Amino acid sequence: MSNGLSDGVIENVLNHIFATGTYAKPTGLKLHLFKADPHAAGAEVSDTVDDTAYVEQTITFAVEGATDDKRVYSDDFVGFPPVVYGSGAGSYEVSHWAVIDGSANLLAAGAFPTPITRLAGEPLAFSPGAIYIELSRTA
């Protein structure tokens, strides 16, 4: 399930490397679920309407080292609790994920290969490596 850095992160990294800006490593990373593309202001799952048990989950990434494939992978299991229907009283689909830092900054996001239908009583889990963030070279 891939990946894309947010425009804000790209701008900060470019300024850090090539201009006068500095960019501190973000902390408090959380995995969020979305019903549409968060890069385009898509809606996050609502803990009122969709799922009263929904809460973003902590995510960590592999230790630093060679990234021959230009990716950094989640390095631990990430699990969301079983769905408890909210006021919408029905199943819902998540199509995207996002990594957001402790200051509520969107860092990266991507689409799931196919939308995931969340049903009452069912948890959702991602194995280590299932979520990754990638940099692509253009030249």
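Strands β5 and β6 pair in the antiparallel sense over eight bridges, where two strands count as paired if DSSP finds at least two bridges between them. Helices (H or I, at least four residues) and strands (E, at least two) are DSSP runs numbered from the N terminus. The model is a predicted one, in which local features need pLDDT of at least 70 and side-chain atom pairs count only at pLDDT 80 or more, whereas totals for chains, interfaces and linings use all residues. Residues are numbered from 1 along each chain as its sequence is written, and side-chain values use heavy atoms, with hydrogens and water left out.

L31 stands opposite V99 in β5, and the bridge partner of F34 in β5 is H96. These strands belong to an open sheet of four strands in the order β2-β1-β5-β6, with antiparallel pairing. Its edge strands, each pairing on one side only, are β2 (57-58) and β6 (106-118). Strand β5 is largely enclosed by the rest of the structure, because eight of its nine residues are buried. Buried here means under 20% relative accessible area, exposed over 50%, and partly exposed in between (1.4 Å probe, protein chains only).

Four aromatic pairs are present in the structure. Rings of Phe, Tyr and Trp (its six-membered ring) pair if their centres lie within 6.5 Å; planes under 30 degrees apart count as stacked, over 60 as edge-to-face and the rest as tilted. Y54 and F80 form a stacked pair, with 6.1 Å centre to centre and 5° between the planes. This pair links distant parts of the chain, Y54 being in the loop between β1 and β2 and F80 in strand β4 (residues 78-80), 26 residues apart. Y54 counts as buried at 7% relative accessibility, and F80 is buried with a relative accessible area of 3%. F80 also forms an edge-to-face pair with F126, at 6.4 Å centre to centre and 90° between the planes. Here too distant parts of the chain are linked: F80 lies in β4 and F126 in strand β7 (residues 124-126), 46 residues apart. F126 is buried as well, with a relative accessible area of 4%. Y54, F80, F112 and F126 form one aromatic cluster.

Not counting residues up to four places away in sequence, Y54 touches H32, L33, E44, V45, D47 and F80, contact meaning heavy atoms within 4.5 Å. Y54 and G129 are 75 residues apart in sequence and 22 Å apart in space, C-alpha to C-alpha.

On the surface, I10, V13, L14, I17 and F18 form a nonpolar patch with about 480 Å² of accessible area together. Patches are made of residues with over 30% relative accessible area and no salt bridge, like charges being joined within 9 Å and nonpolar side chains (Val, Leu, Ile, Met, Phe, Trp, Tyr) within 5 Å. A salt bridge is a side-chain nitrogen of Lys or Arg within 4 Å of a carboxyl oxygen of Asp or Glu. Accessible areas come from the Shrake-Rupley method with a 1.4 Å probe, and for residues only the protein chains shown count as cover. L14 is found in helix α1 (residues 7-18) and counts as partly exposed at 46% relative accessibility.
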